[in-house]
Amino acid sequence: MKLHQLKPAKGAVQKEKRIGRGEGSGHGGTSTKGNKGGQSRAGYKRKLGHEGGQMPIQRRTPKRGFKNPHRVEYKVINVGQLDQWAETYSISEFTIESLYEVGLTGKTDKVKLLAKGELKGKYTIKVDAASDKAKSIVEAAGGSVEIVK
């Protein structure tokens with residue numbers, strides 16, 4: 001075998017597709033874009049969710065229910081968790097800021113105290129909301145609950 005006999009493998013080299021360079025290029029006329037329609041024109045962009053004229057999925061699926069824009073979402077804290085957290089994080093006053101600092105709530109979370117569990121310690125609690133039963137449990141243990149708005 002000599003250098004002048006070397007050539008690339010079959011199918012390795014393909015002809016460059018030169019579009020819009022006349023009929024002699026083999027890609028003249030409509031420049032491989034077919035005839036008419038949006039896709040043959042400059043500036044065409046397929047719209048998100050377009051299904052080729054078929055009714056799009058967001059229109060064919062039934063709509064159910066109601067999403068209340070004024071709903072207030074609370075991060076729930078149960079009375080039973082307070083003793084464990086007080087021991088773990090050495091907190092005696094549970095405020096929104098102190099809960100955020102130890103990583104138990106987010107910066108913008110609203111906190112609500114609920115009455116699940118038992119309480120042994122005496123704590124001062126400042127939260128956005130609390131159930132009546134939770135308040136009575138904390139006050140019976142000698143602590144206090146303050147609602148911060």
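These are my notebook entries on selected features of a predicted model.

**Entry 1: the sheet**

I began with the strand order. Three strands make up an open sheet, arranged β2-β4-β6 with parallel pairing. I then asked which strands stand at the edges. They are β2 (93-94) and β6 (144-147); each has a single partner strand, so one side of each is left without a neighbour in the sheet.

I next examined how β4 is joined to β6. Strand β4 covers residues 124-127, and four bridges connect it to β6, the two running parallel. For Val 127, I found the bridge partner in β6 to be Ile 147.

**Entry 2: helix α2**

I looked up which residues of α2 (residues 79-89) are buried. They are Val 79, Leu 82, Asp 83, Trp 85 and Ala 86. I then checked what these buried residues pack against: β1 (74-78), β2, α3 (96-101), β3 (110-114), β4 and α4 (132-140). Two strands of the sheet, β2 and β4, are therefore among the packing partners of α2. Just after the helix, I noted that Ser 90 adopts a positive phi of about 50 degrees.

**Entry 3: aromatic rings**

I searched for aromatic pairs and found one in the structure. Phe 94 and Tyr 123 form this pair in an edge-to-face arrangement, with 5.5 Å centre to centre and 85 degrees between the planes. The pair links distant parts of the chain, as Phe 94 belongs to strand β2 and Tyr 123 to the loop between β3 and β4, 29 residues apart. Are Phe 94 and Tyr 123 buried or exposed? I recorded both residues as buried.

I also looked at the ring of Tyr 74. Lys 112 lies over the face of this ring, 5.6 Å from the ring centre.

**Entry 4: Ser 25**

Why is Ser 25 classed as buried? The relative accessible area of Ser 25 is 16%, and the cut-off for buried is under 20%. I then followed the side chain of Ser 25, which reaches the backbone oxygen of Gly 22 at 2.7 Å. Leaving out residues up to four places away in sequence, I found that Ser 25 touches Lys 15 and Arg 18.

Technical notes
Residues numbered from 1 in each chain as written. Predicted model: local features only at pLDDT ≥ 70, side-chain atom pairs only at ≥ 80, totals over all residues. Heavy atoms only, no water. Pairing = 2+ DSSP bridges. Buried < 20%, exposed > 50% of the residue type's maximum accessible area, 1.4 Å probe, protein only. Polar contact = N/O pair within 3.5 Å; in protein donor to acceptor, adjacent residues only side chain to side chain. Contact = heavy atoms within 4.5 Å. Phe/Tyr/Trp six-rings, centres within 6.5 Å; stacked < 30°, edge-to-face > 60°. Lys NZ or Arg CZ within 6 Å of the ring centre and 35° of its normal.
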